[in-house]
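Dear colleague,

I am handing over the structure below, together with some notes on what was found in it. Please read the notes with the coordinates open beside you.

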Amino acid sequence: VLPGDLVLDLCAAPGSKTGQLLEMVVPSRALQGAAAGDSARYGAVVANDPDIKRGRMMIHRAKALCSPSLIVTALPGQSFPVLHFDGAPLLFDRVLCDVPCSGDGTVRKSHYLLHKWHPAHALQLHILQVALLRRSAEVTREGGNLVYSTCSLNPVENEAVVAAVVAAAGGA
């Protein structure tokens, strides 16, 4: 992520990664030293989460950053709209797609998950994860970077999701 990038955090709540992205896209010195008419390109982060309550929590956390370059949306990620600017599609330079998952990779720190874990959880989430990753790819500009992540170790939630999206795109 570089200063000036347009970044989408598709599944952003609670907002920790969003804050880190924002600090990379708009360095604090740029906000402090920006002069009127400065031609430097300032980036922005669009932080999305379909849960309005979680979105409010993100806004509360982001207030401390005092950045005009943060946009918070509450839309289903799998149908996130293509934005337009001057009549042309506005695609993202970088997209973070940190999807909802079974969380089985966090069992060491959250022992209670082990008692709740069931193989069906990953299967239930797989369809949503594929839809989120597919939409992320669709809104990433050609040559841009897309990061897909989970806190799961299950190949159904990781490799199988990536394979399904690549196969649907004809290997592109």
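Predicted model: local features only at pLDDT ≥ 70, side-chain atom pairs only at ≥ 80, totals over all residues.

I begin with the helix pair. Two packed helices are described by the angle between their axes and the distance between the axes. For helix α5, which spans residues 119–138, and helix α6, which spans residues 159–168, the axes come within 9 Å and cross at roughly 50°. Angles from 65 to 115 degrees would count as roughly perpendicular and those under 35 degrees as roughly parallel, and the two helices α5 and α6 are therefore oblique to each other. The crossing in which α5 passes α6 is right-handed. On the α5 side the contact is made by His 126, Gln 129, Val 130, Leu 133 and Arg 134, while α6 contributes Ala 160, Val 161, Val 162, Ala 164, Val 165 and Ala 168. Sorted by class, the residues in this contact of α5 with α6 are 8 nonpolar, 2 polar and 1 charged.

Next, the backbone. Most residues other than glycine have a negative phi, and most peptide bonds are trans. Against that background, the bond joining Ala 13 and Pro 14 is a cis peptide bond, with omega at about 10°, and Pro 14 itself sits in the loop between β1 (6–9) and α1 (16–25). Asp 86, although it is not a glycine, has a positive phi of about 55°; this residue belongs to the loop that connects β4 (83–85) with β5 (88–90). Because its relative accessible area is 72%, Asp 86 is exposed.

Which residues does Ser 69 contact, leaving aside its neighbours within four places in sequence? They are Leu 22, Val 26, Gly 43, Ala 44 and Val 45. Ser 69 is placed in the loop between α3 (52–62) and β3 (70–73), and because its relative accessibility is 9%, it counts as buried. The side chain of Ser 69 also reaches the backbone oxygen of Gly 43, at 3.2 Å.

Finally, Gly 19 lies in helix α1 and, with a relative accessibility of 14%, counts as buried.

Technical notes
Residues numbered from 1 in each chain as written. Heavy atoms only, no water. Axes fitted to C-alpha atoms, helices over the stretch in contact; angles between N-to-C directions. Helix = DSSP H or I, 4+ residues; strand = E, 2+ residues; numbered from the N terminus. Parallel < 35°, antiparallel > 145°, perpendicular 65-115°, else oblique. Left-handed = near helix turned anticlockwise from the far one by under 90°. Contact = heavy atoms within 4.5 Å. Nonpolar A, V, L, I, M, F, W, Y, C, P; charged D, E, K, R; others polar. Buried < 20%, exposed > 50% of the residue type's maximum accessible area, 1.4 Å probe, protein only. Polar contact = N/O pair within 3.5 Å; in protein donor to acceptor, adjacent residues only side chain to side chain.
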